[in-house]
Amino acid sequence: MADSVAPAATTEHAHSHPDYVQHHFHDATQQRESSKFGMWVFLVTEVLFFGGLFAAYAIYHTWHPETFHDAHKVLDWRLGMLNTFVLITSSLTFALSIRYLQVDKVKVALYNLIATFVLAGTFMVVKYFEYAHKFHLGQLPGKYYTYTGLEETVNPHVFFSIYFMMTGLHGLHVLIGMGVIVWLIVRTAKGHFHSQYYNPVEVSGLYWHLVDLIWIFLFPLLYLIA
Amino acid sequence: MAVNNSATTTVQDAPRSALAVPASRDSKGLPHPNYLSDGGKGLWSWLTTVDHKRIGIMYLIVVMAMFFVGGIYALLIRAEHFAPGGQLMNADQYNQAFTMHGAIMTFLFIIPSIPAILGNFVLPLQIGAKDVAFPRLNLASWYVYMFGAAFAVYSLVTNAADTGWTFYTPYSTETGTAVISMTLGAFILGFSSIFTGINFIVTVHKLRAPGMTWFKMPLMVWALYATAIIQVLATPILGITLLLLILERVFGVGIFDPSMGGDPVLYQHFFWFYSHPAVYIMILPGMGIISDLIATFSHRKIFGYKFVAFSSLAIALVSFIVWGHHMFTSGQSEFAVMLFSFITFMVGIPSAIKVFNWTTTLYKGSISFSVPMLYALSFLFKFTIGGLTGIFLGALSVDIHLHDTYFIVAHFHYVMVGGTVMAFVGGLHYWWPKMFGRMYNRTAATIAWAFVFVGFNVTFFTQFILGSQGMPRRYWTFPEEFTRLHGFSSWGAMIMGVGFGLMAITLAWAAFRGRVVGSNPWGALTLEWTHATSPPEPHNFPATPDVAHGPYDYDKVIPRVDEPANAGVGHARPANA
């Protein structure tokens, strides 16, 4: 008889929580919805964070249209194009990894996460070569600008200030994303994720798509404004 | 107060009210279990806790330490102004003193004060949740706060920034003082604020107890929700602005430098696009506290609940499009200036809706002049003065005369100290028995309130007069003719300092030695009082509360004033008596 009384007294804690559901959530659905919603709110802050730079871009492009037009020719649009392709593919592999987790194909999901990491690395390598080239030529922001190829242009360093700040901040986000992907790879390999629980992969995927999306705006605004 | 028969039956609904009766009491008379002594022992259990209540207490300790540092600077500034320049410090030190006062009070005290301390503590309790949505993120926000505070303190002890808390370019890119560590500190503190904001938004959306509909939420929750929206939408802009300022200073990117094709006014636009909404990050949660206090201590349903709730959201939205009124003299187009002036007047509408609704709630209420209520009433008085002088400043012609004078200083201190700090301190006095299960000495707390109230008005009302006579803000020295008014203002500050000191001692003593109280000493109707013990147990409620009535249904329910039965400590008497 005692057994039948005990659960009634602690109804709240009695319903079984799988270990992946934190104690303060009622069930897995509430947890999943909360984490997704939280990530969306965080992405809003990211959009506004970059929004400051996009506003700066809009203002300075309006004030110095010729500068932007002349200076952007220094950038190699083929490298930008390559990176756009690389990043979009990485978004695809990330999305696939989530899909494979949903159908419990954990191994394939793991391969897709590794592919995402490799593609993100490729993006950074291409970016490294672009940056190194500009450092070499002195196409640098503000007072460090020493390039001599744009003598006719007024204030060409303004363009490079904007270029380095925007791509630099974006690159930082790619690096942070790579760190997150490593964490996901380790946890997937340990078998933490399955069709009932894949929140961290899903919300990190949202973040990764935003990073991808920001690049899709940066690419034409910086490389293709002729 | 009209009470009908059905109300009386609700009161005697024993099973529900019994929820707030502790299972047992420990040797000190406090409920067992409670989050203070049963959530793990020792310093390490606190530093690694994910309990929103403990995180609130951790914020309380560090934020109050910062309030103390900022307050010391305020007293130094006022002591310097007993007579024209050179009483205590030279002009450079004075510039550093007012910068540190402003930066510490803004970024380290007032922004985190209500959301991070009281919000963390009461928000989950008020909506019947076990915790915030992301407890670990909540703990992270505290560590991020500490990290940011370390940078600010580094600036303070090395070569304190002297730019004013607004860090205007070009001076901030040229001065030799430690601007970078201060701005980096503010940048990092922004993340702490964003984490709290995300947590609150998700918690309010997803973790409300069954039956806790949006319009059954206490107005404190509405206010915290509106605040969280601003925190999330505005703080990233400050982040990128301060980052640009740091890049400008370190790499000379030229974005704010006219000689390199940039524009310093752009900095002001960016800065105020954050910092004006930030003013509402500071005042909105205070308005939430006042709504709860006025209803509780008038024992009357809040007048116009939905208007008060939605006016918070209205203020949050309008706050994003008024930033230009900080820059009426910075060279904007005439059209922009007129538009900003007009929209600034509009902010007066939702603010006035709140003030009228609070006043109407008092009307025919059964008012207890408990200590929190004294703060709430002084909020009404001072916030109204602060708000109305804001309308003066929003008027273009008047602003040209008053811009950058002590009138501005007095105006925003009436809103920030007379408004937010009074609400915050009122909230502390209100929830203190919930936090610690103990009541402070009412006489001492009332005396402290009187000192603060008198001292505040002597300090800052005088500054309205100083400003309208033309005394510019941020000046180290002044003409002889202002000595009397400045001296008067400084004496007011000293009185206020004594008041805050007495308040700190009263509250600190009460936390450890105060009379043990029951679950609901004020006779309030929100869940943290009706369903949780004082102090609450580690997971807040014995069972998920079922929300049977609205937060202010004093017309339907007579709340039980709980006192500990045979607690063995102190003597039971209603705190409201």
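Visitor: Which element gives the most to the lining of the second largest cavity?

Guide: That's α9(B), with six residues. Keep in mind that this is a predicted model. Two or more lining residues also come from α6 (91-127) and α10 (219-251) of chain B.

Visitor: How many residues line the second largest cavity, and which lie nearest its centre?

Guide: There are 17, and B:F107, B:I111, B:P112, B:L189 and B:S193 lie nearest the centre. The volume is about 140 Å³.

Visitor: What makes it count as a cavity and not a pocket?

Guide: A 1.4 Å probe fits inside a cavity but cannot get out, whereas a pocket is open. The structure holds four cavities of 30 Å³ or more.

Visitor: How do the lining residues of that second largest cavity divide by type?

Guide: You get 11 nonpolar, six polar and no charged.

Visitor: Back to α9(B): what is its length set against the expected one?

Guide: Its 28 residues reach 41 Å from first C-alpha to last, close to the 40 Å expected at 1.5 Å a residue. As for cover, 23 of the 28 residues are buried, so α9(B) is mostly covered.

Visitor: Why is B:K354 called buried?

Guide: Buried means under 20% relative accessible area. B:K354 has 1% relative accessibility, so it counts as buried. This lysine sits in helix α13 (residues 334-362) of chain B.

Visitor: Which residues does B:K354 touch, leaving out those up to four places away in sequence?

Guide: B:M287, B:V308, B:S311, B:S312 and B:I315.

Terms used. Residues are numbered from 1 along each chain as its sequence is written. Chains are lettered from A and ligands numbered from 1 in the order in which they are written. This is a predicted model: local features need pLDDT of at least 70, side-chain atom pairs count only at pLDDT 80 or more; totals for chains, interfaces and linings use all residues. Side-chain values use heavy atoms; hydrogens and water are left out. On a 1 Å grid over the protein atoms alone, a cavity is a set of points where a 1.4 Å probe fits but cannot get out, and a pocket is an open set with protein on both sides within 12 Å along at least five of seven lines; lining residues have an atom within 4 Å of a point. Grid points are joined across faces, edges and corners, and a volume is the space filled by probe spheres set on the points. Helices (H or I, at least four residues) and strands (E, at least two) are DSSP runs, numbered from the N terminus. Ala, Val, Leu, Ile, Met, Phe, Trp, Tyr, Cys and Pro count as nonpolar, Asp, Glu, Lys and Arg as charged, and the others, Gly among them, as polar. The expected span of a helix is 1.5 Å times one less than its number of residues. Buried means under 20% relative accessible area, exposed over 50%, partly exposed in between (1.4 Å probe, protein chains only). Contact means heavy atoms within 4.5 Å.
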